Protein chains: 4
Amino acid sequence: GHPMVVMAGMNVLESRDLALRICEHLKGVCDKLGLPYVFKASFDKANRSSISSYRGPGLEEGLKILADVKAEFGVPVITDYHTPEQAGPVAEVAEIIQVPAFLCRQTDLVVAGAEAVKARDGWLHVKKAQFLAPWDCKNIITKVGEVTGPKNPTILCERGASFGYNNLVVDMLGIPVMKQLGVPVTIDATHAVQLPGADPRTAGGSTGGRREGVAVIAKSAMAAGADGVFLEFHPDPDKALCDGPSCLPLEAAEPLLKTLKTIHQAVRA
Amino acid sequence: GHPMVVMAGMNVLESRDLALRICEHLKGVCDKLGLPYVFKASFDKANRSSISSYRGPGLEEGLKILADVKAEFGVPVITDYHTPEQAGPVAEVAEIIQVPAFLCRQTDLVVAGAEAVKARDGWLHVKKAQFLAPWDCKNIITKVGEVTGPKNPTILCERGASFGYNNLVVDMLGIPVMKQLGVPVTIDATHAVQLPGADPRTAGGSTGGRREGVAVIAKSAMAAGADGVFLEFHPDPDKALCDGPSCLPLEAAEPLLKTLKTIHQAVRA
Amino acid sequence: GHPMVVMAGMNVLESRDLALRICEHLKGVCDKLGLPYVFKASFDKANRSSISSYRGPGLEEGLKILADVKAEFGVPVITDYHTPEQAGPVAEVAEIIQVPAFLCRQTDLVVAGAEAVKARDGWLHVKKAQFLAPWDCKNIITKVGEVTGPKNPTILCERGASFGYNNLVVDMLGIPVMKQLGVPVTIDATHAVQLPGADPRTAGGSTGGRREGVAVIAKSAMAAGADGVFLEFHPDPDKALCDGPSCLPLEAAEPLLKTLKTIHQAVRA
Amino acid sequence: GHPMVVMAGMNVLESRDLALRICEHLKGVCDKLGLPYVFKASFDKANRSSISSYRGPGLEEGLKILADVKAEFGVPVITDYHTPEQAGPVAEVAEIIQVPAFLCRQTDLVVAGAEAVKARDGWLHVKKAQFLAPWDCKNIITKVGEVTGPKNPTILCERGASFGYNNLVVDMLGIPVMKQLGVPVTIDATHAVQLPGADPRTAGGSTGGRREGVAVIAKSAMAAGADGVFLEFHPDPDKALCDGPSCLPLEAAEPLLKTLKTIHQAVRA
């Protein structure tokens with residue numbers, strides 16, 4: 001079978017140097033473990049809880065950094081896009097372009113992404129919305145397939161479902177349900193542990209996380225049959241400009257990916 | 001106190017004639033009951049479950065119909081917009097422009113709407129997302145206020161929260177929570193009764209509803225202190241091109257609005 | 001139609017004097033408003049979160065106090081029972097005996113209660129469990145009916161459904177669903193506002209509440225068609241020995257019940 | 001570290017012969033894999049949805065069968081009890097006695113169980129209720145500890161949390177939360193896949209399941225750090241007298257337990 005795919009990097013691009021440093025570390029770990037690696041970073045955080053949050057370098061500068069990372073390390077990259085107009089330019093650089101979870105039902109966005117990846121033989125990584133049932137992803141795959149024809153380039157990504165207020169839950173039974181739709185499935189363990197929104201008890205304006213839960217969700221999802229893992233790292237997670245509470249330190253990558261690889265193989269034996 | 005506001009009309013614009021007919025009926029009922037009336041209709045359904053669903057006449061033709069309805073009956077109108085670019089043109093016609101629930105965390109969209117209504121002394125009707133807690137709406141109001149200053153034009157609209165898969169629930173305790181944020185609160189009783197997504201047991205590709213529940217939710221929300229009601233009608237609901245299962249027949253308007261008015265007054269006595 | 005029924009009193013029996021005082025006040029209010037009144041109090045809190053919580057006077061002493069209240073004011077009473085053996089003795093005193101929510105699926109308990117009320121022409125008030133869907137109450141009614149025959153003495157009581165961790169939500173659409181099962185439906189607005197369990201952030205060992213939400217839930221449920229209301233009061237709620245945070249002061253009774261009566265009538269007009 | 005514990009057997013005792021047959025098979029598999037084995041079966045299903053469901057042989061006959069199984073194969077057994085009075089007799093036979101999920105907040109039942117296992121150096125297996133947060137299990141452990149002192153015999157069992165109506169979800173993040181309370185944690189993969197209650201769309205009066213999900217939940221929970229697994233088997237699952245839809249065939253035991261053992265070791269490496 002196909003080896004476990006690792007989509008990993010940083011939440012939002014903070015600087016060119018930091019992107020290179022993170023990619024170098026993660027590529028080294030994946031090479032050592034024999035796992036295919038894709039560098040991940042966002043150029044814009046378009047849906048932050050608070051208007052004063054850091055949003056990133058923007059499209060033009062962001063794509064330039066991503067192109068530099070590719071040139072330096074020869075890795076494919078994944079990044080998200082937020083409007084139909086961005087799909088084409090983003091797919092020029094990124095082999096995998098990503099539909100944000102809140103936007104996965106926006107038909108024009110999905111169709112534009114499908115056209116962009118079709119033209120370049122790329123992939124469309126669709127985050128399943130927190131309000132969507134696993135079986136309802138079928139409609140998204142169908143929307144993409146209307147554009148691309150039978151060789152459907154969709155990858156579905158689980159990142160948790162709304163579970164009461166200010167909490168998410170990952171339903172592991174949803175992973176085989178999504179796989180049965182005929183596409184690869186990844187687990188975004190980083191965002192799945194977020195405590196979304198502004199908890200009234202902490203008067204917070206940004207989305208908290210539970211760092212220690214990232215490994216739990218990643219391992220469980222591999223055991224449930226996920227094909228790949230999506231993770232965010234930072235050399236100093238508590239200083240990350242976005243989503244630090246759910247971000248892992250770089251040195252956590254190797255032991256975690258090693259365990260994930262073992263589980264990925266065990267459930268396919 | 002302010003009388004109960006009625007935002008009512010049709011789901012998606014099907015034709016100019018139908019819009020005029022529905023507005024005429026509803027305006028007549030509201031005039032009789034002494035309730036302020038706003039005509040509601042969408043020009044584009046941008047997030048339908050299925051790619052083959054009817055989407056509406058589009059921006060240009062849709063705004064033309066809305067302008068005709070205004071000219072004919074002298075009523076304000078409300079309609080939704082889906083991209084930052086649409087905010088200005090839409091606010092040229094509509095006194096109240098609406099942020100769709102799935103998009104209420106998209107900063108650029110909210111800011112563009114705030115700018116558009118500020119320029120024209122209009123209102124921004126924000127549907128609370130299915131994944132958002134009532135207290136988290138504070139961040140949206142703050143985003144709007146950054147643009148508009150202290151005279152915040154936000155109206156928050158409750159339309160249900162995710163409750164397991166393929167179901168929504170309206171938490172009536174959320175209505176006073178949202179009111180305490182200092183803005184008016186409406187209840188979208190039509191969409192709150194939807195059974196979202198494609199139920200695997202019905203193999204459906206569109207979002208079902210429970211027509212008989214619309215009145216229940218509207219009445220309960222009035223009892224919980226809502227300031228206005230948002231409802232969709234059709235002369236023949238089963239033939240509506242979108243969301244027929246949660247659409248009310250025109251003749252249901254008068255008795256329902258009468259009861260709602262009584263409850264609205266009773267809880268303010 | 002039948003006037004709104006008021007089941008109201010105190011959470012757990014604290015003393016004979018306090019029971020008499022609360023009953024006197026509430027009976028006075030209900031007489032003034034022309035509403036049928038049932039005194040409510042528990043003799044044992046058998047499922048407290050913490051082992052060190054106050055549990056009440058117990059069966060024997062508790063039933064004696066309830067009998068005194070009845071003798072003094074000529075009102076019917078409602079109280080809960082926790083084992084099949086308690087059903088008979090409790091039904092000797094209480095016209096309405098209550099199945100606690102967590103226990104509503106325990107067949108022996110339900111059957112014993114059905115037998116006890118059948119023998120005395122009483123009623124069985126069944127709290128719908130936090131884990132139960134409204135339509136699933138049908139099975140409970142069937143269990144009762146197997147004992148009692150066609151004159152089914154079940155009253156269903158809504159008290160909230162699990163909504164994520166440490167939170168409940170009242171689904172107002174469930175009220176007509178339960179009524180369609182052919183039995184009266186009440187709203188326990190006091191327990192429906194509880195924040196169940198021990199919140200890790202407050203390190204609490206008891207179940208918190210939101211006093212200001214009680215009226216919201218009661219009013220909304222009346223608007224949704226409930227036939228009666230279940231409420232708990234205390235002359236000094238913050239000193240109540242159990243569930244003080246969701247308990248109302250006695251002076252809140254008259255204005256709240258007056259509004260509830262108006263809504264109850266408005267939705268039946 | 002301690003090897004993975006296997007609590008496995010049948011849902012409800014159907015006959016002495018069947019119990020012996022199932023125990024023989026499962027003990028053989030566990031011996032082969034070097035895993036400690038506990039035979040599981042219930043003598044009474046006290047909370048079936050429907051009054052006409054099969055309930056089992058009852059306490060006396062059931063304990064006799066369990067004693068025979070122990071004598072024949074020399075294995076410890078686990079079974080549930082439903083009233084405080086049953087705790088002692090059940091603990092005479094069963095090394096592990098189990099508190100049903102719906103009853104885990106009933107103080108008298110938990111205390112009686114704690115006393116019974118203290119007297120015999122047994123264990124108390126507590127199913128976490130569908131309405132309980134993982135951290136709230138602390139109160140149960142405290143109740144037990146009040147009786148037993150510092151050597152707390154509690155084992156917590158995850159079996160899913162309410163997720164909307166007629167559905168459960170297993171929150172894998174809850175497993176480390178429960179382990180941090182200082183007790184072993186098991187996963188009841190069989191009941192965690194149930195679709196509780198009577199789905200109105202199927203007009204069902206019993207609790208459905210998803211057999212193919214049992215392995216998914218068991219593997220994911222092992223990856224999340226569970227110490228043991230709880231599973232139900234039948235030679236012909238579709239003919240099981242209770243909960244057949246979530247029951248596994250006997251031949252599924254060996255490959256599943258082998259994979260679970262591998263994952264259990266991988267996350268402890």
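A: One term first. A salt bridge is a side-chain nitrogen of Lys or Arg within 4 Å of a carboxyl oxygen of Asp or Glu. Note that this is a predicted model: local features need pLDDT of at least 70, side-chain atom pairs need 80 or more, and totals for chains, interfaces and linings use all residues. Residues count from 1 along each chain as written, chains are lettered from A and ligands numbered from 1 in written order, and side-chain values use heavy atoms, without hydrogens or water.

Q: How many salt bridges over all chains?
A: The rule gives 60.

Q: What does A:K128 pair with?
A: A:K128 forms a salt bridge with A:E158, at 3.0 Å from N to O. A:K128 sits in the loop between β5 (123–127) and α5 (137–148), and A:E158 is in strand β6, 30 residues apart. Helices are DSSP runs of H or I, at least four residues, and strands are runs of E, at least two, numbered from the N terminus.

Q: Why do such side chains pair?
A: Opposite charges can pair when the charged atoms come close.

Q: New topic. How many residues does the contact take from chain C and chain D?
A: Each chain gives 35 residues. Contact means heavy atoms within 4.5 Å.

Q: What area do chain C and chain D bury?
A: About 3300 Å², with 54% of it on carbon and sulfur atoms. That is accessible area (1.4 Å probe) lost when two parts are put together, summed over both. C:I51, C:R105 and C:Y165 supply 22% of what chain C buries there, more than any other three residues.

Q: How many salt bridges between chain C and chain D?
A: Two. In one of them C:D108 meets D:R55, with the closest N and O atoms 2.7 Å apart.

Q: Which helices of chain C supply at least two residues each to the side that touches chain D?
A: Among the elements that do are α4 (107–120) and α5 (137–148).

Q: Last one. Which residues of α8(A) meet α8(D)?
A: A:K219, A:S220 and A:A223 meet D:K219, D:S220 and D:A223.
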